[in-house]
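Hello,

Please find the structure below, as promised. My notes on it follow.

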Amino acid sequence: MMIRTAATCVAAFISAAPAVADEVWSTPRGDAYYSEEMEGFAMYRLPWGEIEATLYFEGLAGNYDNRDIHEGYWIAPGAGDCPAALVGIDDQISTDWGRVTLVFDRPSFPTGWSAIFTTCFNDDPFTIRGDLMQ
């Protein structure tokens with residue numbers, strides 16, 4: 001009986017929060033997804049030409065109910081135009097990087113978002129829309 005109760009509690013806990021892979025968005029660049037969490041960072045992947053860029057948001061990991069505006073940075077593998085390399089929390093390093101501001105449509109999962117990107121230290125932003133895929 002005790003094992004059955006413990007298994008039920010674990011199952012309830014697991015189903016209470018969405019799995020990271022459950023969050024996928026359609027963007028003009030292709031499907032973006034919430035790939036993983038590391039040391040308090042939520043990491044998203046977004047098609048970036050023939051490769052995928054990683055978007056890093058400190059403090060967003062595990063946050064499914066209080067989403068708003070989140071500042072972060074992005075890194076795409078390979079050579080870029082930035083004058084210096086940036087290293088991500090996952091040790092990815094590149095000269096193709098910039099800042100990103102993620103603005104969620106609603107505070108709770110599931111929701112879409114708009115992301116405002118800049119490259120290197122430039123202030124010439126571009127926006128990518130992420131619509132939730134169901």
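Two strands count as paired if DSSP finds at least two bridges between them. Helices (H or I, at least four residues) and strands (E, at least two) are DSSP runs, numbered from the N terminus. This is a predicted model: local features need pLDDT of at least 70 and side-chain atom pairs count only at pLDDT 80 or more, while totals for chains, interfaces and linings use all residues. Residues are numbered from 1 along each chain as its sequence is written, and side-chain values use heavy atoms, with hydrogens and water left out.

E3 covers residues 41–48, and eight of its eight residues are buried, so the strand is largely enclosed by the rest of the structure. Buried here means under 20% relative accessible area, exposed means over 50%, and partly exposed is in between (1.4 Å probe, protein chains only). Phe41, Met43, Arg45 and Pro47 point one way from E3, while Ala42, Tyr44, Leu46 and Trp48 point the other way; all are buried.

On one pairing, E3 runs antiparallel to strand E2 (residues 30–38), with five bridges joining the two. Glu37 is the residue opposite Ala42 in E3. The hairpin of E2 and E3 has two residues between the strands, and Glu39 there takes a positive phi near 50°.

E3 also pairs with E4, again in the antiparallel sense, over eight bridges. Tyr44 has Leu55 in E4 as its bridge partner. These two strands form a hairpin as well, with two residues between them, and Gly49 in the turn has a positive phi of about 70°.

Strand E8 and its partners

Seven of the nine residues of E8 are buried, so this strand too is largely enclosed by the rest of the structure. E5 and E8 run antiparallel and are joined by eight bridges; Ala76 stands opposite Asp96 in E8. E8 and E9 are likewise antiparallel, with five bridges between them, and Phe104 faces Trp113 in E9.

Salt bridges

Side chains of opposite charge can pair when their charged atoms come close. The cut-off used for a salt bridge is a side-chain nitrogen of Lys or Arg within 4 Å of a carboxyl oxygen of Asp or Glu. A search of the whole structure finds five of them.

One of them joins the side chains of Glu23 and Arg67, at 2.7 Å from N to O. This pair links distant parts of the chain, 44 residues apart: Glu23 is in the loop between helix H1 (2–16) and strand E1 (24–27), and Arg67 is in the loop between strand E4 (51–58) and strand E5 (69–76). Both Glu23 and Arg67 are buried.

Another is formed by the side chains of Glu36 and Arg45, at 3.0 Å from N to O. Glu36 counts as partly exposed because its relative accessibility is 27%, whereas Arg45 is buried, with a relative accessible area of 15%.

Asp105 and Arg129 also form a salt bridge, and their closest N and O atoms are 2.5 Å apart. Asp105 lies in the loop between strand E8 (96–104) and strand E9 (113–117) and Arg129 in strand E10 (residues 126–132), so the pair ties together parts that are 24 residues apart in sequence. Asp105 is partly exposed at 44% relative accessibility, and Arg129 is partly exposed with a relative accessible area of 28%. Salt bridges that share partners join Asp105, Arg129 and Asp131 into one network.

Two single residues

His70 sits in strand E5 and counts as buried, at 12% relative accessibility. A polar atom of its side chain lies 3.2 Å from the backbone nitrogen of Asp68. Contact means heavy atoms within 4.5 Å. Leaving aside neighbours within four places in sequence, His70 is in contact with Phe57, Leu60, Asn63, Val100, Thr101, Leu102 and Phe104.

Thr27 is found in strand E1 and is buried, with a relative accessible area of 8%. The side chain of Thr27 reaches the backbone oxygen of Gly30 at 2.6 Å. With neighbours within four places in sequence again left aside, Thr27 is in contact with Ala32, Leu46, Trp113, Ile128, Arg129 and Gly130.

Regards

Notes: Polar contact = N/O pair within 3.5 Å; in protein donor to acceptor, adjacent residues only side chain to side chain.
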